[in-house]
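Me: I've got this one open on my screen. Can we walk through it together, quick questions and quick answers?

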Amino acid sequence: MFPTHRPRRLRTHPQLRRMVSETTLTTSDLIYPLFAVPGEGIAKEVKSMPGVFQLSVDKIVEEAKEIYDLGIPGIILFGIPADKDVDATGAWHDCGIVQKASTAVKEAVPDLIIIADTCLCEYTSHGHCGYLQVGDLTGRVLNDPTLELLKKTAISQAKAGADIIAPSGMMDGFVTAIRSGLDEAGFEDIPILSYAAKYASAYYGPFRDAAESTPQFGDRRTYQMDPGNAREAIKEIELDIAEGADMLMVKPALSYMDVIWRVKQATNLPVAAYNVSGEYSMVKAAALNGWIDEERVVMETLTSFKRAGTDLILTYHAKDAARWIK
């Protein structure tokens, strides 16, 4: 008349639950994104991302110190240049905003890992991730000429102090191009974190406000992946592994945990997931309206990413999560 097995026995006490926990989130799992802008003393909140700011380099340094003190091991830097052009000059110029921010952070907090987002959409006048055919209004990026821009950008970022190069444009062959460029420039020890499976997602909306990178026409579906495709993600990661990627990323995270799991099963490389802006903003909006318990929802969500197979989580919740973990 009584149950033979009683799993609830292991749930009776907080310490006992802690002892048998299968998945544990730590501050070492977190990476915090930062948006660098020209100027000084600037901290402009992104309207669609409460608590996230566009920051001048001096403010980026202040944030970097706080992030390091919280036990978060790394940041990823995005840049909003003063001027944009078809050659994405602000992405690869030695005086580019990400380059300035990287150098300043490395001088102030040398042990904080700097990941440089190696993409071009924030820097092109049309908002696409590379060169377009003259007169093209569809957004179909020219793949091979864009690889040269990505190579130049990666080398410039490494020279400025970036510890990890993270190409996110989903160009075919971008890992090979960047790896060869870094090696030829003497940066053979700089690892590549490839956005290997990056989907054409509606969850990126608030990020485009933060990075000022909304395409002026067309969309990015000719280079970012179809949200319905999972097998294709494995093809993409296999190509990037063969080309020399050191780590792999799935983006977004929340709606793609099945893809994270498949990627983790398919490789022994570290796997990252990007808890993107739309995912963050939905939680923030609900929390500000008192509809959810923000801490519990955030911690549950981040833990679920790790349970799905992530080793690294890029998230705008990182600072709050680090405080809650402590």
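Me: What classes of residue make up the lining of the largest cavity?
Reply: The lining has nine nonpolar, three polar and six charged residues. Bear in mind that this is a predicted model.

Me: How much space lies in that largest cavity?
Reply: About 140 Å³.

Me: And which of the lining residues are closest to its centre?
Reply: K198, Y204, F207, R220 and K251. They come from a lining of 18 residues.

Me: Which elements each supply at least two residues of that lining?
Reply: Strand β7, residues 193-198, does. Helix α7, residues 205-211, does too.

Me: How many cavities of 30 Å³ or more does a search of the whole structure find?
Reply: One.

Me: Back to K251. What kind of peptide bond joins K251 and P252?
Reply: A cis peptide bond, with omega at about -5°. K251 is also one of the lining residues closest to the centre of the largest cavity.

Me: Where does P252 lie?
Reply: In the loop between β8 and α9. β8 covers 247-251 and α9 covers 257-266.

Me: Where is the place of M170?
Reply: M170 is in the loop between β6 (164-167) and α6 (174-184).

Me: Is M170 buried or exposed?
Reply: Buried, because its relative accessible area is 6%. The cut-off for buried is under 20%.

Me: What about E212, what is its phi?
Reply: Near 50°. Again, that is a positive value in a residue other than glycine.

Me: Where is E212, and why does it count as partly exposed?
Reply: E212 is in the loop between α7 and α8, with α8 running over 231-243. Its relative accessible area is 39%, so E212 is partly exposed. That class takes in values between 20% and 50%.

Me: Now the surface. Which residues make the nonpolar patch of about 320 Å²?
Reply: L10, M19 and V20 make that patch.

Me: Which helix does M19 lie in?
Reply: Helix α1, residues 14-19.

Me: Is M19 buried or exposed?
Reply: Exposed, because its relative accessible area is 67%. The cut-off for exposed is over 50%.

Definitions and conventions: Residues are numbered from 1 along each chain as its sequence is written. This is a predicted model: local features need pLDDT of at least 70, side-chain atom pairs count only at pLDDT 80 or more; totals for chains, interfaces and linings use all residues. Side-chain values use heavy atoms; hydrogens and water are left out. On a 1 Å grid over the protein atoms alone, a cavity is a set of points where a 1.4 Å probe fits but cannot get out, and a pocket is an open set with protein on both sides within 12 Å along at least five of seven lines; lining residues have an atom within 4 Å of a point. Grid points are joined across faces, edges and corners, and a volume is the space filled by probe spheres set on the points. Helices (H or I, at least four residues) and strands (E, at least two) are DSSP runs, numbered from the N terminus. Ala, Val, Leu, Ile, Met, Phe, Trp, Tyr, Cys and Pro count as nonpolar, Asp, Glu, Lys and Arg as charged, and the others, Gly among them, as polar. Patches are made of residues with over 30% relative accessible area and no salt bridge: like charges are joined within 9 Å, nonpolar side chains (Val, Leu, Ile, Met, Phe, Trp, Tyr) within 5 Å. Accessible areas come from the Shrake-Rupley method with a 1.4 Å probe; for residues, only the protein chains shown count as cover. A salt bridge is a side-chain nitrogen of Lys or Arg within 4 Å of a carboxyl oxygen of Asp or Glu. Buried means under 20% relative accessible area, exposed over 50%, partly exposed in between (1.4 Å probe, protein chains only).
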